[in-house]
Amino acid sequence: MTRQERRRALRTLLLAGGVFGAALSGYLPLAYARRKRLRPPGALDEKDFLSSCIKCGQCVQVCPVQAIKLADLVDGFGVGVPYIDPREQACDFSCDAVQCILACPTGALVYQKPAFLTQRAGAGLATKPVLKAKAKDTEPTLNLKERFGVARLTRPESCLAVQGKGFKGAARGADFDGRMRFMEVDRWKPIKLAAHPYDLKECDLCVRECPVQDAISIDTFTAADGSVRRQPVVHEPCVGCGVCEMVCPVEPSCITIEARGTWLGKGQT
Amino acid sequence: MSGAEINAAAGAASGVPANTVHRQRFVEQVGLLLGREPTKPAAVTEHAIRLHEIKRARPKAEVRAAIEAAHAVPRGHKWRNRRWAVLIAANLLFTLSYALDIQILEGALTASRFIGFHLIDLNSALQVMLAHKHIITNLVIGTLTVATFWMLLGGRTFCSWVCPYHLLSEWAEKLHLRLAAKKLVSDQHMNRGLRVVFWLAFAGAALGTGYTVFEAISPTGIVSRALIYGPGLALLWVAALLLFEVVISRRAWCRYACPIGLTYGVVGIFSPVRVKYNLNACLHEGDCRKVCLVPHVLETVIKGRAADVDVPLGPDCTRCGLCVDQCPTGSLTFDVKGLSKLL
């Protein structure tokens, strides 16, 4: 081997090491992930989702409220993979179906999981969720068999309903860009949340705007000392769309979505 | 040399049947795609031998004058301009389909729908199939559609006519060549076999880890998504690659690394669309090899190397047409197998 050939071989090895190093470093964000991403409706479980997603963004393109975003370099192997940040823009099902599932070319988002994949306990929905907006239609349900997350009342002490307070004004302020469809405004055209102010005696935004029937309610509790307290309670039909988190007027939100969270049974926190 | 002498020399040469030469060329060209170094052809047709003899007999001064005369005519950029127009139009169609909601070509280069029909990038499809180990119908349809398309048009035609990283890299190459002319940088060659190693390693990584590892660093996917969904930090990786190509090694990603290029190269092995070399008028000054992304496919233009009078270039050729634009004698042309016979 001549000196020239040796140097070429060394350079080739260095390039190989560099490219492999860069590629495999994509594993680090997965290993050290501090928070889970909320994936679009119908997403397979995280590992399967990452392996089956082809990172084309067709789900992004069909979403009428642009709830779906694509992850960046910091997500490592998850670069280009779709996620939802519900506090900024929740999935409100204003497409009336789950268009993102229909758009997915590889089966990373599915109506029905393939037989060889198992369902985590508490991920499955007891029945197909009924969309409030479609309640009067002949087919009022969403074709969704698993929840993609679940809402949890994480800060009950700050909840306006718990405090017995009402709410007046735009839910997230005048500068908030998040959008939603309001049936009484236009079924097919989502508008800015900022353009839809409220005047409520008791704040019930999370219940009022939840797109799924019977997924959340405000219930009355009587404590041992006889004091009466009102509080939002999440029910089994919750799919984890995140509308409650988006509309919660308290900063930070009192109710949050646990990505890929499961239904833990009645009385869960 | 007089005409009689040429004929005598040609008579003395023992040519090999065209079939043998074609088989040898096929093996050689597939070898080049897989990273082998070019070799001198062992079998040469009689007609080619005769032409080589004639060329060898030409006085040097006469050849030099011919090269000068040929280069006096300025060369255009016909094929480069067409190719850039197609590449930009294709990527713009993705961007506009989303930005203006015209829905003609939805998705990104990794997977898309063209007026509803599934199209799926072959290497991305391979990664997903190996990682997920479950293949749905739409994935099969999209993959077969794209495979058929590029089988016909020449696999690596995708690289130079569609891939957005190719265009960025082409501009980086111009910068590299300008700096190299000033002796500020020099092109560090690598072993082209590395691309095969990468292909196998990334296929193995997808199969073994269940993650589409290559997609995390694929500059094609990253640039395509950035053009459609907006820029992100992932472009830093692309910038690093381009910097490497400017400063250290000319067109390193496309030449030595990209498994997408190899996938499409293999798909296009039997493609009827190719660049064809004709030995007759070639002056062997080698300008075509200087502009070529994959100069090993053009070894055949070196004086005395052509095994036949007509030599279609191999599957590693990206059909970019730079050599066609560059050639002052029209010895390199686009050709569709069978079509020229029909016409």
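Good morning. The model is a predicted one, in which local features need pLDDT of at least 70, side-chain atom pairs count only at pLDDT 80 or more, and totals for chains, interfaces and linings use all residues. Residues are numbered from 1 along each chain as its sequence is written, while chains are lettered from A and ligands numbered from 1 in the order in which they are written.

Let me begin with chain A. It has seven helices and ten strands; helices (H or I, at least four residues) and strands (E, at least two) are DSSP runs, numbered from the N terminus. The C-alpha trace of chain A spans about 90 × 45 × 40 Å along its principal axes. Of its 269 residues, 43% count as buried. Here a residue is buried if 20 or more other C-beta atoms lie within 10 Å of its own, exposed if 12 or fewer, and partly exposed in between, with C-beta atoms placed from the backbone. Two residues are in contact if their C-beta atoms, placed from the backbone, lie within 7 Å. Among contacts in chain A between residues at least 6 apart in sequence, 69% join residues at least 24 apart.

One pair of strands in chain A deserves attention. Strand S8 (residues 216-222) and strand S9 (residues 228-234) of chain A pair in the antiparallel sense over seven bridges; two strands pair if DSSP finds at least two bridges between them. Within this pair, Ile218(A) stands opposite Pro232(A) in S9(A). The hairpin of S8(A) and S9(A) has five residues between the strands, and in it Gly226(A) takes a positive phi near 90°.

How do the two chains meet? In chain B, 47 residues are in contact with 37 residues of chain A. The side of chain B that touches chain A consists of 27 nonpolar, 16 polar and four charged residues. For these classes, Ala, Val, Leu, Ile, Met, Phe, Trp, Tyr, Cys and Pro count as nonpolar, Asp, Glu, Lys and Arg as charged, and the others, Gly among them, as polar.

I turn now to chain B itself. It is divided into domain 1 (3-73 + 272-342) and domain 2 (79-165 + 190-241), with bounds that come from an automatic or database domain assignment. The centres of these two domains of chain B, taken over C-alpha atoms, are 33 Å apart. Contact between them involves 15 residues of domain 1 and 16 residues of domain 2 of chain B. On the side of domain 1 of chain B that touches domain 2, strand S4 (273-278) and helix H16 (322-326) each supply at least two residues. The largest share of that side, three residues, comes from H16(B).

Strand S4 of chain B also belongs to a sheet. Three strands form this open sheet in the order S5-S4-S6 (chain B), with antiparallel pairing. Strand S5 (310-312) and strand S6 (332-336) of chain B stand at the edges, each with a single partner strand, so one side of each is left without a neighbour in the sheet. S4(B) and S6(B) pair in the antiparallel sense over five bridges, and Val275(B) stands opposite Phe334(B) in S6(B).

Which strand of chain B holds Asp310(B)? Asp310(B) lies in strand S5 of chain B. Asp310(B) counts as partly exposed because it has 16 C-beta neighbours inside 10 Å. Leaving aside its neighbours within four places in sequence, Asp310(B) is in contact with Lys276(B) and Asn278(B).

A second open sheet of chain B has three strands in the order S1-S2-S3, and its pairing is antiparallel. S1(B) and strand S2 (residues 111-114) of chain B pair in the antiparallel sense over four bridges. The bridge partner of Glu106(B) in S2(B) is Arg113(B).

Finally, I come to two helices. Helix H10 (residues 194-209) and helix H14 (residues 259-267) of chain B pack at an angle of about 95°, with their axes 9 Å apart. Axes are lines fitted to C-alpha atoms, for helices over the stretch in contact, and angles run from 0 to 180 degrees between N-to-C directions. H10(B) is therefore roughly perpendicular to H14(B); angles under 35 degrees count as roughly parallel, over 145 as roughly antiparallel, 65 to 115 as roughly perpendicular and the rest as oblique. Arg195(B), Val196(B), Phe198(B), Trp199(B) and Phe202(B) in H10(B) meet Pro259(B), Gly261(B) and Leu262(B) in H14(B). Thank you.
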